[in-house]
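Trainee: I'd like to go through this one together, step by step. Where do we start?

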Amino acid sequence: MCRILKRFILDELNKWKESKYRKPLILRGARQVGKTWAMKEFGKCFDFVAYFNFDENEEYKQFFKTTKDVFRIMQNLSLASGQKINKGTLIIFDEIQECNDALNSLKYFCENARDYYVICAGSLLGLTLSKGFPVGKVDFIDMGPMTFSEFLIANGDENLYDYIHSINNIENIPDAFYNPLCEKLKMYFITGGMPEPVYLWTQERDIELVDKALNGIIGSYEKDFGKHHNDYSDDEKKYDVGKIISIWNSLPAQLSKEKKKFTYSNVKQGARAREYENNLQWLINADLVKRIFRVSKPALPLSAYEEESFFKVYHIDVGLLRSQSKLSYRAFTEGDRLFKEFKGALSENFVVQSLVRIFAINPHYWANEKYEVDFLVQLDNDIIPIEVKSGKSVSSPSIIEYKKMYGGETPLIIRYSLKNLVLDGNVLNIPLFMIDETKKLIALAKQHLE
């Protein structure tokens, strides 16, 4: 049976559509997370869709060079393509990074054509935007890999998703739900959240086919390093494709350490920050990695206490990390091994890519000479420490030390693990497969603690 992928980002796109303060929308995200699919699927809400791909149709670029009059531009695009454009049409500009004039035209759509629906995306668009863009002239929505909840729905496990989503009390999950959810999470760690491998798994149930798709995505990213890195160089900031590749290939080794602080010596012996930091920034701008800074203390706002020389770097997707690490899917059959491999890196990476989406900002972490708390997030005026455990063993000397130092300022602690859902004192243990419900569970925990 052909399953249809459901992406929750469509709900965000509909909110954008209904907003009376709507501006042209830029959909940000790495290659192959499903941006084009999302824009076209969103187009089903409209009577008319006009789709323009600047990579496939280079001739459309000329319309943006000759005028800044967006009504003239729309007229030319309509006549050339045969697609109807009016105030009820969704105008899609895909691969817009190939036409900088089209990207710049968005400010004129904002100023002079607010009644039109304009949405755009493109491969490595984050690199183009990193060079600067008029503030206040566009809306942004970030799109990442499929969440575990989306994976459950795509996999035909709507009942498990509905159960998780319906929980309104902090209490143990019955084995009838707990055990299959653990198994589905293992499968998610194998496929990851990139739409192509997820789709192939739902259609064929062939893990080797999934692995082939993951390897193909990694290969396409590596081709991008050589194809595009010069496009975004300038006199002050040069990028080196060899160094970009070296950093990318070092990610499994960086994350296999007990303390996962990123070190340039793990990229190349004797490497120095000044030689590689611009190339790491290239990967960050391309949305292929997430950088998490250490803070000197857990105080508001966390960003004010960042220590820029101390950070961890995580992969965009847990399935891609597994594939790049050459970790065989056969670990799927060996109990909890898949969660625990190379110091729990898969579990930690899964948590990072989820936290970035849930809190709409990169988390931080705290450490001193001996102890380290995996992550800190800021929710309203609370700093919440987070520990990640890859199994059911949840002892944490670092959290004990953290509580000694900052206990009076720590109303709630979150621990993600394979242990069942429970609130133990002020420690909320969330099973890894319930991470998408984090904000709701935090609210429930706070109610219990009041």
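Trainee: Which residues gather in a patch of negative charge on the surface?
Mentor: Quick heads-up: this is a predicted model, where local features need pLDDT of at least 70, side-chain atom pairs pLDDT 80 or more, and totals for chains, interfaces and linings use all residues. Numbering runs from 1 along each chain, and side-chain values use heavy atoms, without hydrogens or water. Patch residues have over 30% relative accessible area (1.4 Å probe) and no salt bridge (Lys or Arg nitrogen within 4 Å of an Asp or Glu carboxyl oxygen), with like charges joined within 9 Å. The negative patch here is made of Asp-55, Glu-56, Glu-58 and Glu-59.

Trainee: Is Glu-56 buried or exposed?
Mentor: Glu-56 sits in the loop between β2 (48-53) and α3 (61-65); helices are DSSP runs of at least four residues, strands of at least two. Buried means under 20% relative accessible area, exposed over 50%, and partly exposed in between. Glu-56 has 60% relative accessibility, so it counts as exposed.

Trainee: How does Leu-124 compare: is Leu-124 buried or exposed?
Mentor: Look in the loop between β4 (117-121) and α6 (125-129). Leu-124 isn't a glycine, yet its phi is positive, near 55 degrees. With a relative accessible area of 4%, Leu-124 is buried.

Trainee: What is the relative accessibility of Arg-205?
Mentor: Arg-205 is in the loop between α10 (195-204) and α11 (207-228). Arg-205 also has a positive phi, about 55 degrees, although it is not a glycine. Arg-205 counts as partly exposed, and the value is 41%.

Trainee: Which peptide bond is cis, with omega near -15 degrees?
Mentor: Head for the loop between β6 (289-295) and β7 (306-315), where Pro-301 is found. The cis bond runs from Leu-300 to Pro-301.

Trainee: Which residue in β9 is the bridge partner of Trp-366?
Mentor: Strand β8 (residues 364-367) and β9 run antiparallel, joined by three bridges; strands pair when DSSP finds at least two bridges. They make a hairpin with four residues between them. Within that pairing, the partner of Trp-366 is Val-373.

Trainee: How many residues of β9 are buried?
Mentor: Strand β9 spans residues 372-379 and is mostly covered. Of its eight residues, the buried count is seven.

Trainee: Which residue in the turn between β9 and β10 has a positive phi?
Mentor: β9 pairs with strand β10 (residues 382-388) in the antiparallel sense over five bridges, and Gln-378 stands opposite Ile-383 in β10. The two strands form a hairpin with two residues between them. The turn residue with a positive phi, about 55 degrees, is Asp-380.

Conventions. Patches are made of residues with over 30% relative accessible area and no salt bridge: like charges are joined within 9 Å, nonpolar side chains (Val, Leu, Ile, Met, Phe, Trp, Tyr) within 5 Å. A salt bridge is a side-chain nitrogen of Lys or Arg within 4 Å of a carboxyl oxygen of Asp or Glu. Lys and Arg count as positive and Asp and Glu as negative; His and the chain ends are not counted. The place of a charge is taken as NZ of Lys, CZ of Arg, CG of Asp or CD of Glu. Buried means under 20% relative accessible area, exposed over 50%, partly exposed in between (1.4 Å probe, protein chains only).
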